[in-house]
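Dear colleague,

I am handing over the structure we spoke about, and I would be glad if you could look through it before reading my notes. My findings come after it.

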Amino acid sequence: MFFSTFSVQCVLGAWNTWSAEGEEKEKAKESAKESFAFLEKQIEGKKFFSGENFGFLDLVVGWIPIWLSAMEEIGGTRLV
């Protein structure tokens, strides 16, 4: 449950980078980047988050890169 909640924080942080302005936008970018770095570290060296087996977290997090690329194009802000 922790990781699925954490993935929601990634998405909300990314959303705030496109919806906020000024200093708030920079804080949101930093927060989102930290969240994504944490997730990246968890999967490092593994095929899936749970190791060799596809699991719930892979489903929860798997759509985020597609969403991010679309939001970056629409919002004109690069996050990752």
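What follows is a description of the fold, one end of the chain, the charged side chains, the aromatic rings and a surface patch.

Please keep in mind that this is a predicted model, in which local features need pLDDT of at least 70 and side-chain atom pairs count only at pLDDT 80 or more, while totals for chains, interfaces and linings use all residues. Residues are numbered from 1 along each chain as its sequence is written, and side-chain values use heavy atoms, with hydrogens and water left out.

The protein holds 4 helices and 0 strands, and its elements run α-α-α-α from the N terminus on; helices (H or I, at least four residues) and strands (E, at least two) are DSSP runs numbered from the N terminus. Of the 80 residues, 38% are buried, where buried means under 20% relative accessible area, exposed over 50%, and partly exposed in between, with a 1.4 Å probe and protein chains only. The protein exposes about 5500 Å², of which carbon and sulfur atoms supply 59%; accessible areas come from the Shrake-Rupley method with a 1.4 Å probe, and for residues only the protein chains shown count as cover. Taking contacts (heavy atoms within 4.5 Å) between residues at least 6 apart in sequence, 66% join residues at least 24 apart.

T77 and W18 are 59 residues apart in sequence, and their C-alpha atoms are 6.9 Å apart in space. Leaving aside neighbours within four places in sequence, T77 is in contact with T17, W18, K25, K29 and E72. T77 has a relative accessible area of 8% and therefore counts as buried.

Turning to charges, a search of the whole structure finds 1 salt bridge, meaning a side-chain nitrogen of Lys or Arg within 4 Å of a carboxyl oxygen of Asp or Glu. This salt bridge joins the side chains of K27 and E23, at 3.5 Å from N to O. Because K27 and E23 are 4 residues apart in helix α2 (residues 22-43), about one helical turn separates them. K27 is exposed, at 55% relative accessibility, and E23 is exposed as well, at 58%.

D58, in helix α3, is buried yet has no salt bridge, and the nearest side chain of opposite charge, K46, is 8.5 Å away; here Lys and Arg count as positive and Asp and Glu as negative, while His and the chain ends are not counted. Not counting residues up to four places away in sequence, D58 touches F48, F49 and N53.

The structure also holds 2 aromatic pairs. F48 and F54 form an edge-to-face pair, with 5.4 Å from centre to centre and 90° between the planes. The rings of W63 and W67 have their centres 6.2 Å apart and their planes at 75°, so this pair is edge-to-face too. Rings of Phe, Tyr and Trp (its six-membered ring) pair if their centres lie within 6.5 Å, and planes under 30 degrees apart count as stacked, over 60 as edge-to-face and the rest as tilted. W63 is partly exposed, at 41% relative accessibility.

Finally, F54 also belongs to a nonpolar surface patch of about 380 Å², made together with F56 and L59. Patches are made of residues with over 30% relative accessible area and no salt bridge, like charges being joined within 9 Å and nonpolar side chains (Val, Leu, Ile, Met, Phe, Trp, Tyr) within 5 Å. L59 lies in helix α3 (residues 56-62) and is exposed, at 54% relative accessibility.
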